[in-house]
Amino acid sequence: MCGIIGYVGNRDVVPVLLGGLKKLEYRGYDSAGIAVVNGQGVDVVRAEGKLTNLENKLAEHELKGTFGMGHTRWATHGKPNENNAHPHRDCTGDIVVIHNGIIENFLPLKQQLQKQGHKFTTETDTEVVAHLIEEKMKGGSKFVEAVRASLKELDGHYALVMINAKEPGTIIAAKQGPPLVLGLGDGENIVASDVAPLLAYTRDIIYLEDGEYAIANDKKVDVFSQDDKPVNREPKRILWDAVMAEKEGYRHYMLKEIHEQARAVRDTFNGRMFEESGEIYFNDLQFTPEEWAKFQRVHIVACGTSWHSALVGKFLLEEAARIPIEVDYGSEYRYRNPIVDENTLVIGVTQSGETADTIAGMQEAKKKGARLITICNVIGSAATRMSDGIIYTNAGPEIGVASTKAFTTQLVAFYLLALYVRQLRGENKDDIRYAMHELSVIPHKIETLLKQEKHIEQLANKYHRAQDFLFLGRGVHYPIALEGALKMKEISYIHAEGYPAGEMKHGPIALIDENLPVVAVATHTPVYDKVVSNLQETKARDGKLIVICDEGDEEMKKFADDVIEIPWTIEPLQPILAVIPQQLLAYYIALRRGCDVDQPRNLAKSVTVE
């Protein structure tokens with residue numbers, strides 16, 4: 001959803017805010033704005049559209065100050081125009097608010113405030129907060145007291161940052177749902193929606209929990225609970241550096257992140273598998289064989305790309321655990337009254353650790369007595385804090401809205417978890433050791449595969465005018481077909497469907513003609529011959545066939561229109577390699593069509609409200 005940053009310190013605040021918003025623009029780019037307290041009052045500059053429009057305006061309106069905040073918006077209430085852009089102010093113009101989320105009771109609050117004489121100038125729910133604080137201060141409350149009282153009247157999900165020009169140097173931040181992170185500096189403090197904007201100034205951070213609020217100035221940050229009691233929480237040290245969040249010469253973040261996958265995969269398994277002893281070890285996840293034996297079922301809860309990795313995880317874990325495993329969309333799981341008890345393990349999969357629907361599903365399961373594991377990329381995020389065990393994917397910051405390295409590292413996490421379960425069940429260590437070895441050479445195979453980038457770019461030039469794509473796979477590759485179709489839809493705006501190849505004759509075959517490119521994963525698995533038959537049916541109907549197959553597969557070259565060869569590996573690891581050509585194909589088709597690859601329309605990186 002929206003991106004938030006607030007700063008108090010001794011630096012010129014405008015470059016700090018703009019630099020932070022550039023790192024947060026993946027969260028929303030319908031409009032942007034900043035507010036700077038200048039000593040006499042507060043200056044607000046806003047612009048419709050992307051951040052560059054705000055930068056152009058700021059070139060004409062020089063703002064000076066060391067205290068302020070900025071916002072980049074993904075529209076919910078009100079059209080994405082300049083008037084509805086954040087920050088928003090009260091009637092006096094002194095109280096300024098930025099917000100990510102939805103104030104569900106904003107309408108009755110707005111009607112009440114209008115009766116009390118407040119004049120509203122926007123269509124947003126956020127503006128209510130500024131006027132509500134103003135009304136509390138009319139009654140004699142100080143700014144902090146007025147904010148505390150106002151928060152108690154808000155229903156919904158929100159991350160709020162609030163300042164008062166009459167009290168320069170004090171930022172108040174509050175969280176109920178969407179993420180807020182506090183960066184603790186030397187003579188300066190920062191609040192933001194994500195870690196990335198903080199890394200240029202500090203690596204010491206505090207994550208706010210739901211119901212908490214923080215009061216910050218240039219010297220300290222105080223955190224309080226919902227009942228206004230002080231919270232003492234040790235800051236966490238983030239190991240990412242600021243360079244990891246930059247493009248490093250790549251044209252887009254997405255392309256950079258595709259190329260980072262060898263490193264990200266290696267970092268995900270490093271330190272967790274020991275081939276000599278044939279053991280898997282997790283610092284933040286430890287079950288005894290007796291504890292594992294109590295589980296009678298596993299539910300995996302996720303959204304979007306993470307849901308596709310969860311489907312692969314089902315194949316891997318069901319084979320390893322030999323107990324029923326279900327995969328649910330987070331947005332559906334919490335509402336279907338799932339059958340969960342203390343013998344259920346629930347695995348939440350979320351890159352950010354803040355995905356609202358996934359977290360809500362995990363919370364529902366926890367209420368019913370389930371044990372929770374999170375597969376996540378962000379240390380200390382909401383999903384990790386509620387879990388009994390954590391597998392961090394160590395992908396580093398992922399800025400491109402369309403997920404790439406987060407997906408492949410999630411696949412690695414599921415593979416490691418499957419090996420860990422086999423270990424708990426007492427399987428042969430030589431078999432586990434062989435599986436570890438095959439994973440250890442995957443980064444090199446990813447690097448080899450990426451050398452085909454030019455070939456895939458040529459295929460994109462050949463097929464970029466297509467209006468529809470069909471992606472096919474069987475078994476463990478069916479979720480990869482779904483992911484390939486999602487990538488194509490997300491960034492190129494081409495309609496695409498992913499289907500199990502064996503289901504083609506149950507409907508999708510009606511779509512196939514000479515204008516339909518069909519992308520199929522056909523590596524050597526137990527169903528290879530059946531996939532070949534499905535693809536021959538495609539060719540018989542003049543479909544344009546692009547096949548992702550094992551190196552040296554001469555059979556596929558006989559009838560496919562185009563072939564992308566991937567290095568050989570064992571079946572459970574094939575999805576890691578098979579998805580990368582599909583990421584590149586979607587990227588280069590989007591580029592050829594002139595689409596905004598890193599910031600596709602209508603999408604945001606993290607969906608932090610329902």
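**Helix packing and a sheet, questioned**

Guide: In this predicted model, helix H14 (residues 429-440) and helix H15 (residues 442-449) pack with their axes 5 Å apart, at an angle of about 35 degrees.

Visitor: What makes the contact of H14 with H15?

Guide: Glu438, Leu439 and Ser440 come from H14, and Ile442, Pro443 and Lys445 from H15. By class, three residues are nonpolar, one is polar and two are charged.

Visitor: Why is H4 called oblique to H5?

Guide: The axes of H4 and helix H5 (residues 143-151) cross at roughly 125 degrees and come within 8 Å. Angles of 65 to 115 degrees count as roughly perpendicular and those over 145 as roughly antiparallel. The crossing angle of H4 and H5 is roughly 125 degrees, and therefore H4 is oblique to H5. The crossing is right-handed.

Visitor: Which residues make the contact of H4 and H5?

Guide: H4 gives Leu132, Ile133, Lys136 and Met137, while H5 gives Phe143, Ala146, Val147, Ala149 and Ser150. Seven of these are nonpolar, one is polar and one is charged.

Visitor: How do you know that S7 and S8 pair?

Guide: A pair needs at least two bridges. Five bridges join strand S7 (residues 156-164) to strand S8 (residues 171-176), so the two count as paired, and they run antiparallel. Leucine 160 stands opposite alanine 174 in S8.

Visitor: What makes S5 and S14 edge strands?

Guide: The open sheet of seven strands has the order S5-S6-S7-S8-S12-S13-S14. Strand S5 (88-89) and strand S14 (230-231) each pair on one side only.

Visitor: Where does H4 lie?

Guide: Helix H4 (residues 127-138) lies across S5, strand S6 (95-103) and S7, at about 130 degrees to S6.

How values were computed
Residues are numbered from 1 along each chain as its sequence is written. This is a predicted model: local features need pLDDT of at least 70, side-chain atom pairs count only at pLDDT 80 or more; totals for chains, interfaces and linings use all residues. Side-chain values use heavy atoms; hydrogens and water are left out. Helices (H or I, at least four residues) and strands (E, at least two) are DSSP runs, numbered from the N terminus. Contact means heavy atoms within 4.5 Å. Axes are lines fitted to C-alpha atoms, for helices over the stretch in contact, and angles run from 0 to 180 degrees between N-to-C directions. Ala, Val, Leu, Ile, Met, Phe, Trp, Tyr, Cys and Pro count as nonpolar, Asp, Glu, Lys and Arg as charged, and the others, Gly among them, as polar. Angles under 35 degrees count as roughly parallel, over 145 as roughly antiparallel, 65 to 115 as roughly perpendicular and the rest as oblique. A crossing is left-handed if the near helix is turned anticlockwise from the far one by less than a right angle, and right-handed if clockwise.
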